[in-house]
Amino acid sequence: MIPTDSRRAVGGSLIAVAALAVIAAVSALLLAGGERELGLLVLAALGGGVLSVLAVTRLEAFVLVVVVMRASLDLTKLRGGLSPSLALGLLVVVVAVLAIANRASQPRASSPLGPVPRAAALLVAAAATSTVGAADRSASLMEVARLATAASLPVLLGLVIDRPQRLRRLLAALGASAVVPVVMAAGQALGVGGTSAIGGFERLRGTFLHPNPFAAFCTFLLVLGVALLPAVEGRARRALHIGLPALGLCLLGTYARGAWIAAVVGVVAVALQRRSRTTVGTVIAVLVVVATLAPSTVARFGDLDEGPRASGDASNSLAWRLAYWEDALGLVADNPLTGVGFGMVSERLDEGVPPHNDYLRVVVELGVIGVLAAGVLAFAMVVTARRARRAARTPLDRAIAEGYAGCLIAFGVLAVSSNTLSQVVVLWYLLAIAAAADAVARGVSIGRTPELAPEVRPRRAWRYTDSISSVTVSQS
C-alpha cells in the first residue's frame, strides 16, 4: 500500500501538472493567434495562481514543480522587461519567508536551516549592502533580488526533504527539469528554433538566453548523473542511459569551453572519489572520440592566442579577458569595503559587460564584506559535501554526496571564466543539488540501508507536512 503522504504528494503534483497543462494549452492558442504578450500574461497569471495554491496546500509538490519548471522559463519575456522566471523566483522567496516565520513562531523549535542556506542568505545580505555605492542603485537592487530567489530555494528544500521518498522525488525532479531544454536544443540542432551564432560557431542554447548558462546546467546534471548511474537500477538506470548522452551532446553543442573543462574536471572528481579507473578511462576515450569526429570542438580553443577583442561575448580571446580583468580590478579603490555595487562592473566600464570571472566580481562589486560572505558560503558548501560523505549509509547516499562534490568542483572551475552569479538559473540547480546532499548529511538515507554504526546514526530528522502552516520536529 502506498503511504498517505506519498499519495498526497503524487496527487498534488498530478493536479498541478494537469492545471499547468491546461494553462499552457490556452496560452498556446493565444500565441498561435498572434497574441504573444496576452498568451504569456495568461500563462504567468494563471500559473502563478496554481503555484500559490500548491504552496499553501502541498508545499512539497510546489517545490518540486518549480524545480522542474525553472530551467524552461528564461526564454519567456514580457513587455517592460517582466519575466516569468523572476516572478516564480519572487514567489519562492515569499513562500520561504512565510515557512521560516511560521517555523520560528513555534515554541522550542530549533532552526531547520542548514549551513548552505544560511551562508547563501549572508551573501545576499552582502550584495544588498553593496548597493550603497552602486552607480545605478535600482539595477543593482534588481540583481540582488534575482540572487535572493536562488538563495531561497535550498531553504524550502531543507524543510520538505525530510524522508527518503522525498529525496528520491527531488532527484527525479532534477532529471525532469532537463527534458524541455534538451528537446528545445534538439530542435535547434535540426534547424527549428534557431541557434546562437557567436564567434563563428552555431551554438545551442536550449531554453536559456545564452549558450553558457545552458552549458553550466548540462554540466551539473551530467556530473550528478554520472555519480548516480552505478547506484541506481530499473527505470532510473534506463533514464540515465538515455539522459546522460543527451546532456553530453547538448553540452558539446553549446561550444562553451569553460563548461567543457568544468564537466571533465567534475566527472574526474567523481571518479577519484570512488577510485574508479574505468570512469577516468571512459572520459579519456570520449575526449579522443569527440576530438576525432568533431574537429570543431578543437577549433573552439583556437582564439586563445589571438589579440584582444572589444567584445563582451563568451567567445572572447584570453587576451581580452586578461585586459578586462585588469580594468575591473582598477575599480576596487573606489569602494574597497562594500564594493562598487552588485552587477555594476558592466555599468562602470566602457565595454558594458560583466567581468567573466566570479572571483574577481565578488572582490570588485561586493568588496571586503562580500569576499568574507562568499568565503563563508564556499566553506559551508565544502562542509556539507564532507558531512554528506561521512553520513552516507547506502551506495545511493554516497553517489549523491560524490555527485554534489563533483558539481561543487565544476562550479569552482566555471567561476574562473563565467558570470554564474548573474545566471541565477545556474545557482538554482547547484543549490538544489546541495540541498540533496544536505539531506543525506542530516540522515535522510535512500536505498538499502546496512546496519549502522553508532557514530553515523542521524542526529535528528525533520518532519515537514505538506502545508506551510504546520511544521513538526522529531529528535532521534
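A salt bridge is taken here as a side-chain nitrogen of Lys or Arg within 4 Å of a carboxyl oxygen of Asp or Glu. By this criterion, Glu60, Asp162, Arg163, Arg166 and Arg169 are linked in a network of salt bridges. The model is predicted, so that local features need pLDDT of at least 70 and side-chain atom pairs count only at pLDDT 80 or more, whereas totals for chains, interfaces and linings use all residues. Residues are numbered from 1 along each chain as its sequence is written, and side-chain values use heavy atoms, with hydrogens and water left out.

Of its 476 residues, 50% are buried, where buried means under 20% relative accessible area, exposed over 50%, and partly exposed in between (1.4 Å probe, protein chains only). The protein exposes about 21,000 Å², of which carbon and sulfur atoms supply 67%; accessible areas come from the Shrake-Rupley method with a 1.4 Å probe, and for residues only the protein chains shown count as cover. Among contacts (heavy atoms within 4.5 Å) with a separation of 6 or more, 72% join residues 24 or more positions apart.

A search of the whole structure finds 11 salt bridges. Arg166 forms a salt bridge with Glu60, with the closest N and O atoms 3.5 Å apart. This pair joins distant parts of the chain, since Arg166 belongs to helix α7 (residues 164-176) and Glu60 to helix α3 (residues 59-70), 106 residues apart. Both Arg166 and Glu60 are buried. The salt bridge between Glu60 and Arg169 has its closest N and O atoms 2.8 Å apart, and it likewise links helix α3, with Glu60, to helix α7, with Arg169, across 109 residues. Arg169 is buried, as is Glu60.

Another salt bridge is formed by the side chains of Arg274 and Glu402 (3.0 Å, N to O). Its partners lie in distant parts of the chain, 128 residues apart: Arg274 in the loop between α11 and α12 (277-293), and Glu402 in helix α17 (residues 395-414). Arg274 counts as partly exposed because its relative accessibility is 24%, while Glu402, at 5%, counts as buried.

The nonpolar interior was examined next. A nonpolar core is defined as a set of buried Ala, Val, Leu, Ile, Met, Phe, Trp, Tyr and Cys residues joined through side-chain atoms within 4.5 Å. In the largest nonpolar core, of 118 residues, those touching the most other members are Phe62, Val63, Leu156, Leu167, Leu174, Phe217 and Tyr404. Helix α18 (residues 424-441) gives the most to this core, contributing 17 residues. Apart from its neighbours within four places in sequence, Leu174 contacts Val67, Leu221, Leu224, Tyr429, Ala432 and Ile433. A second, separate core comprises 13 residues, including Trp320, Tyr324, Ala328 and Val353. In soluble globular proteins, nonpolar side chains tend to be buried together.

Val179 lies in helix α8 (residues 179-189) and counts as partly exposed because its relative accessibility is 48%.

The structure holds zero disulfides, a disulfide being a pair of cysteine sulfur atoms within 2.5 Å. For Cys218, the closest cysteine sulfur is that of Cys250, and the separation of 5.1 Å is too far for a bond. Cys218 is buried, with a relative accessible area of 0%, and Cys407 also counts as buried, at 0% relative accessibility.

Positive phi values were found at two residues other than glycine. Phi of Tyr255 is near 50°, and this residue occupies the loop between α10 (235-254) and α11 (257-273). Tyr255 counts as buried because its relative accessibility is 14%. For His356, phi is near 55°; His356 is placed in the loop between α15 (345-348) and α16 (358-391) and counts as buried, at 5% relative accessibility.

How values were computed:
Helices (H or I, at least four residues) and strands (E, at least two) are DSSP runs, numbered from the N terminus.
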